[in-house]
Amino acid sequence: MTVELKFVGATLADVLAQAASAATASAGAASGGSVASASGGAAPSAALVVMTLLTGVGLTAAQVAQYWPTNPADAPPSPEGAFCKALAGQIGGAPYLVDQHGNVITFAKDGTGKLIPVTNQWGSGYEGEYNGNLSGATAGSTAYNQFTVSQGEIWLTFNGGFTGIGEVRGTLGGIREQAIPPFWTSSPSADGGATTSKSPAMPVAPTPSAIAPGSSGKTILFGLGQTYTTISAALAAAADGDTVKFAGVAASASAVFAESFTIDKAIVLDGAGVLTGGGTAKPSFAGGAVLDGASLVDYSGYAQGKGGIVLGGDCVVQGFEIRNFGLKEAQAGLTSGIRNSGPGNFTIRHCYVHDCQDGLGSGGFAAAWTLSDLWVERCGIGNGLTHDAYLGSGVVTHSAARVTMIIGPKVADTNTGTGFAEGGIAFKSRANTLSFTGPCYLHAADAACLNLDDGVTQDVLIGTGVVFHKDATDANHLAISLAPAGSPLNGNANLTLEAGVTLDLLCPAPEIVNGSLGTIYVEPGVVNSGGGTISVTGPCSYKGALVTFLPAGTL
């Protein structure tokens with residue numbers, strides 16, 4: 001059975017009384033044979049009704065009373081999955097919600113009868129800014145706004161005049177659109193007691209294609225003198241399991257392809273080039289096909305408006321030089337050398353990607369990326385919001401080995417086909433899981449070498465042979481950033497620097513920042529080769545003690 005409680009201006013006692021009354025009525029009806037539960041058994045108890053109405057998680061009536069005292073100022077953080085909804089002029093669910101920072105939010109009626117969000121953090125500035133979009137839930141309307149607790153933060157789902165999912169965050173009440181993350185598998189104890197791990201369950205990785213890329217044994221050749229002279233034509237002739245391979249004249253004009261295309265089959269696309277020295281400061285790329293986007297001047301020339309190679313399903317891309325994909329956008333448009341347009345298992349290896357808006361871009365779909373023998377440089381074209389590599393939310397796993405990412409200082413109008421300076425982060429990820437195995441080399445002049453933003457919810461391992469580099473003249477001195485400060489949506493995710501990691505930070509006052517609820521662990525054997533101390537903000541553990549700086553030398 002489904003029970004929904006609606007109330008306006010009710011006290012918590014009223015809420016519990018209504019829940020108990022609903023349960024009693026249901027139980028009586030069930031015993032008389034006229035009402036049955038959804039499972040065909042006995043009707044739910046009062047505690048179960050309260051659970052259904054207020055939280056969606058298993059709480060007794062006593063626990064509900066602990067989580068929602070009469071005075072919200074006395075309330076602990078609300079449990080995972082708790083919600084407060086405005087629908088058809090009524091309020092349903094919990095009387096209010098409290099996030100892990102102590103901020104309270106609920107709904108109340110304004111002078112016109114509209115339900116508006118009320119909070120002790122954002123106040124009238126928040127209400128006024130979004131009043132027209134978010135507060136139109138009046139009697140008879142099907143519009144709704146719902147606040148939900150996930151990973152200790154409050155999220156807003158709305159469909160009245162403005163459709164989407166947003167995270168309510170920040171001291172000024174900003175709302176940004178982002179998918180709600182998985183609920184933590186446990187919630188803070190209402191009575192202040194100990195809490196078990198807050199890590200959410202791992203998202204399910206995309207199911208591999210029934211036909212593995214390259215498994216058919218069939219190879220389709222493209223290039224000068226072949227049946228197919230363009231990559232697009234060869235792809236059109238391919239089937240799942242095939243290999244599409246460049247067989248033209250390397251290092252010639254005929255090896256350059258001004259194309260953009262989607263790979264929507266389980267294939268291996270092989271440009272026949274070879275990368276050596278991946279994971280070092282100076283890799284080299286020889287031979288192979290070149291994919292050049294310099295002549296594609298607007299979205300109409302880009303596959304799905306997304307980039308050079310768009311990945312639509314399981315595939316392997318190898319042996320290509322990919323360059324000049326990036327439109328003249330001041331903001332982060334995520335037009336990329338390689339970008340996915342859906343879920344899948346993607347392997348990128350032996351490729352040289354450069355002078356693109358984003359080198360690699362993930363469009364936020366559940367995806368598994370494996371990177372190896374990869375060189376990305378001079379990407380991040382835009383205003384600092386684009387990067388050598390950006391793996392967005394929804395990515396479930398990522399591993400990187402023998403990867404070099406170098407993003408230099410901003411110099412205006414130096415990149416063919418874009419008209420914007422380069423900048424941004426060498427490697428930015430919101431992937432749920434992430435691991436680096438060396439050799440791997442990350443250098444960014446105007447931003448962090450590695451930025452693990454909201455969405456990284458599992459422990460991260462930076463393995464032996466990974467090098468973080470800053471030049472002496474780099475404007476930005478941040479090597480690693482784990483979660484933005486003040487918005488710990490990474491849960492308890494930790495980051496470990498394994499023995500053999502090198503912090504080659506030659507700039508003055510180098511730093512590492514941890515804004516998450518987890519800890520950065522520095523193992524003995526990590527090398528600080530920059531010659532100076534590295535300041536650390538946020539929880540960082542070295543030899544069992546929390547530290548605020550890392551000394552020079554081998555730790």
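Colleague: What makes Asp 355 and Arg 378 a salt bridge?
Modeller: Keep in mind that this is a predicted model. The closest N and O atoms of Asp 355 and Arg 378 are 2.8 Å apart, and the cut-off is within 4 Å, so the pair counts as a salt bridge. The pair also links distant parts of the chain, 23 residues apart: Asp 355 sits in the loop between strand 23 (344-354) and strand 24, and Arg 378 in the loop between strand 25 (367-377) and strand 26.

Colleague: Why is Asp 355 called buried?
Modeller: Its relative accessible area is 8%, and buried means under 20%, so Asp 355 qualifies. Arg 378 has 30% relative accessibility; that lies between 20% and 50%, so Arg 378 is called partly exposed.

Colleague: Which residues are linked in a network of salt bridges?
Modeller: Asp 292, Glu 321 and Arg 323. Arg 323 meets Asp 292 at 2.8 Å, N to O, and this pair joins strand 21 to strand 18, 31 residues apart. Arg 323 also forms a salt bridge with Glu 321, with the closest N and O atoms 3.3 Å apart. Both distances are within 4 Å, so both pairs count.

Colleague: How do you know whether Asp 292 and Glu 321 are buried or exposed?
Modeller: Asp 292 has 12% relative accessibility and Glu 321 has 14%. Both values are under 20%, so both residues count as buried.

Colleague: Turning to the rings, why is the pair of Tyr 302 and Phe 325 called edge-to-face?
Modeller: The structure has 9 aromatic pairs. In this one the centres are 5.8 Å apart, which is within 6.5 Å, and the planes stand at 85°, which is over 60, so the pair is edge-to-face. Tyr 302 lies in the loop between strand 18 (289-292) and strand 19 (307-311) and Phe 325 in the loop between strand 21 (320-323) and strand 22 (336-340), so the pair ties together parts 23 residues apart in sequence. Tyr 302, at 4% relative accessibility, counts as buried, and so does Phe 325, at 0%.

Colleague: What makes Phe 427 and Phe 436 edge-to-face?
Modeller: Their centres are 5.1 Å apart and their planes are at 75°. That angle is over 60, so the label is edge-to-face. Both Phe 427 and Phe 436 are buried.

How values were computed
Residues numbered from 1 in each chain as written. Predicted model: local features only at pLDDT ≥ 70, side-chain atom pairs only at ≥ 80, totals over all residues. Heavy atoms only, no water. Phe/Tyr/Trp six-rings, centres within 6.5 Å; stacked < 30°, edge-to-face > 60°. Helix = DSSP H or I, 4+ residues; strand = E, 2+ residues; numbered from the N terminus. Buried < 20%, exposed > 50% of the residue type's maximum accessible area, 1.4 Å probe, protein only. Salt bridge = Lys/Arg side-chain N within 4 Å of Asp/Glu carboxyl O.
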